[in-house]
Amino acid sequence: GQDYFEKFTELRIANDTVNQRILLTEWEQEEPECAELFTSYFNYYFYRSQISGIGFDHKPEGKFSLSVLDSTDRPIGFLVDRIFYKDSLFAKSMEYINQGIQEYPARLDMRFGKTYALGQYEKWEAFSSEIIRAVEYSSLIDNHWKWTLNVPVENPKDFFLGSIQSYQNQLYNTQDDSLLKYIRNIGEAVLKYYPNHVESMSNVALTYIILGDNVKGIEYLLQAEKVDSTDAYVLNNLANAYSNLKDKDQAIFYYEKTIRYATGELKKHAEIQIKKIETKQ
């Protein structure tokens, strides 16, 4: 299987889809249950599903963007170069990766490959559900994950949780408040099995604070502070939440703690906020 996999990788880099398909057919006849066959079929159909084109968006993205103006010359959106997906081929890629995950549930590269594809297609509900399934399965195998060619993942717990954090950041960076529920769901799933995971406490807290529920957000942040009283981001978020509630004393208290442990822009932000509060008193 490794020889087939290496040859497929070469063909994928060369973007030779014709010979990829020929190789996959031969490979399937020889080793129909090979783990790398499932991931290779997944990659074949996923990359074939991509179509480059021009679309309308509300923010400039990609290498090319052209603003669209209304009758008063105000920008109302942008024509951007982006990737679209052909549903039938994308569905085929999902079919193969789902087979792979069913046969090899401890293969984290399969789960994360599927998650990556769903994120690229912006299928956020399926994206978050896949992450939560991975969190639940990780607890069953005590983080004993494997990667490509069944190689064990090094420092699997840290790698796994770090990756989950990056996926939550991906959701946050969309700046779409309707997706905050998915960040919260993922964070709560992580905390069910890793109750002292500070990043997830902070993530869940932010979903409440952004939507105006500062009190609920503070509950999670105070729990995070108990686990790590030197986490500058937790302290800064506490300060921001108390500031939102007009609790000047607590806001200054946590901004001062932030300054003690933060560096760079976060430290400057805390210093500026203290001055703003003090000038209003």
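Figure 1. Ile209 is buried (under 20% relative accessible area, with exposed meaning over 50% and partly exposed in between; 1.4 Å probe, protein chains only), its relative accessible area being 13%. The model is predicted, so local features need pLDDT of at least 70 and side-chain atom pairs count only at pLDDT 80 or more, while totals for chains, interfaces and linings use all residues. Residues are numbered from 1 along each chain as its sequence is written, and side-chain values use heavy atoms, without hydrogens or water. Ile209 belongs to helix H9; helices (H or I, at least four residues) and strands (E, at least two) are DSSP runs numbered from the N terminus. Neighbours within four places in sequence aside, Ile209 is in contact (heavy atoms within 4.5 Å) with Asn214, Gly217, Leu221, Asn237, Ala241 and Asn244. Ala241 is 32 residues from Ile209 in sequence, and their C-alpha atoms are 6.8 Å apart.

**Figure 2. The second largest pocket.** This pocket holds about 380 Å³ of space. On a 1 Å grid over the protein atoms alone, a pocket is an open set of points where a 1.4 Å probe fits, with protein on both sides within 12 Å along at least five of seven lines, and lining residues have an atom within 4 Å of a point. Grid points are joined across faces, edges and corners, and the volume is the space filled by probe spheres set on them. Of the 20 lining residues, Ser202, Asn203, Leu206, Tyr233 and Asn237 are the closest to the centre of the second largest pocket. Helices H7 (156-172), H8 (180-193), H9 (198-210) and H11 (232-244) each supply at least two lining residues, and the largest share, seven residues, comes from H9.

**Figure 3. The largest nonpolar core.** A nonpolar core is a set of buried Ala, Val, Leu, Ile, Met, Phe, Trp, Tyr and Cys residues joined through side-chain atoms within 4.5 Å. Among the 36 residues of the largest core, Phe160, Ile164 and Leu171 touch the most other members. Helices H3 (35-48), H4 (87-103), H5 (108-120), H6 (124-140), H7 and H8 each contribute at least two residues to this core. Residues up to four places away in sequence not counted, Ile164 touches Phe112, Ile131, Val135, Ile186 and Val190.

Figure 4. In the protein chain as a whole, 43% of the 281 residues count as buried.
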